[in-house]
Amino acid sequence: MAVAAFTWRHNRLAVLDQRLLPRQIKYTLCRTHQDVAEVIRNMSVRGAPAIGCVAAYGMALAARNSQPLKRAADLLKAARPTAVNLAWAVDRMLKVPPSKFLEEARRITREDLAVNKAMARHGARLFRKNSVVLTHCNTGALATAGVGTALGVIGEAFKQGKVKKVFVDETRPYLQGARLTAWELVQMRIPHELITDNMAAHFMNTEKVSAVIVGCDRVAANGDTANKIGTYGLAVLAKYHGVPFYVAMPTSTLDLKIKSGKDIPIEERSSDEVVNWRGIQIAPKQTKARHPAFDVTPARLITAIVTEHGVVKPQDLKKWIIRKP
Ligand code: MRU
């Protein structure tokens, strides 16, 4: 992948402004942890693993700038509430001495790359030749430090000659599918078709969809999974149509402190992001929209979870992960 979501250069963090894709490639330079919190909040950088890595570099900037570290940690963690990778990465930074923060941020980033590759290997085994795969939101290199989670699995299965086509959900209202996943699939030269979110049922009913695979932002101990709004609906549709529904989950996204999905905090974003699109008003000014950015898919609708350690049934997640190193 030629375009990285973020890079550390000359003691600054350069963050790709994903809001401008696919039309423009532009990086924002973050000099302070406040800058980093802002690019997470405004969704220049997004995707659970990527915001974890970027927040780790935010802590490295705070240490460099001799800022109070607890305050910096709280600010970064509050930038977005659902993806647990953010708090996971910041808390991990606080366990090492500040002089080692940059090294630790680099380690978190390197590990994410390795985890992506391992997930891709394990997940690709789930696919048979000529699979038509449906995915939601963006889970590719742009959302991680590596090849991606669900999109990494799709990429590896494609290399193995198993993927015929990918249906890409547009993913309203932020259009991560249309703007980011389709863009990445073009570069990966993987055949794909963009569909609006409300077309998924139609295609499951009228054409072959072999599997759905998505990423996740926080998985509870019982396997309930928070991911981009619209994921739960897809899982219900997949169940009805007998289509396997897979979740790609780095263990940094597992939150064993949370017992079930009902305790996962769901980010509510602004009504404006639904009522307007890039400055164009698409509903009456007086209309207020709802905008939960994520929903929770119950474990019983998930066929299997792909982790860096292998593939596991959601019900077995807790005991299985605890046994792993
Ligand atoms: O709001 P976003 O774009 O940060 O949401 C991203 C998702 O929901 C992804 O599916 C999830 O973070 C997994 S990314 C590898």
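## Contacts and overall form

In this predicted model, residues 24 or more positions apart account for 74% of the contacts in the chain with a separation of 6 or more.

The C-alpha trace spans about 60 × 55 × 40 Å along its principal axes.

## Burial, surface and charge

Of the 325 residues in the chain, 55% are buried. The accessible surface comes to about 14,300 Å², and carbon and sulfur atoms contribute 54% of that area.

Among the side chains, 49 are positive and 27 are negative. The centres of these two sets lie 4 Å apart.

## Helix α2 and G52

Helix α2 covers residues 48-64. With 17 residues, α2 reaches 25 Å from its first C-alpha to its last, close to the 24 Å expected at 1.5 Å a residue. The helix is mostly covered, as 15 of its 17 residues are buried. After α2 comes S66, which has a positive phi, near 50°.

G52 belongs to this helix. Because its relative accessibility is 2%, and buried means under 20%, G52 counts as buried. Leaving aside residues up to four places away in sequence, G52 touches N85, L86 and A89. An α-helix has 3.6 residues a turn, so residues three or four places apart point the same way. The C-alpha atoms of G52 and F6 are 12 Å apart in space, while the two residues are 46 apart in sequence.

## The loop at H291

H291 is found in the loop between β13 (280-281) and β14 (294-297). Although H291 sits in a loop, its relative accessible area is 4%, so H291 is buried.

When residues up to four places away in sequence are not counted, H291 touches P173, E267, E268, R269, S270, E273 and V274. Three of the residues in this list, E267, E268 and E273, are glutamates, and R269 is an arginine.

Terms used. Residues numbered from 1 in each chain as written. Predicted model: local features only at pLDDT ≥ 70, side-chain atom pairs only at ≥ 80, totals over all residues. Heavy atoms only, no water. Buried < 20%, exposed > 50% of the residue type's maximum accessible area, 1.4 Å probe, protein only. Contact = heavy atoms within 4.5 Å. Areas by Shrake-Rupley, 256 points an atom, 1.4 Å probe, with all protein chains shown as cover. Lys, Arg positive; Asp, Glu negative; His and termini not counted. Charge placed at Lys NZ, Arg CZ, Asp CG, Glu CD. Helix = DSSP H or I, 4+ residues; strand = E, 2+ residues; numbered from the N terminus. Expected span 1.5 Å × (residues − 1).
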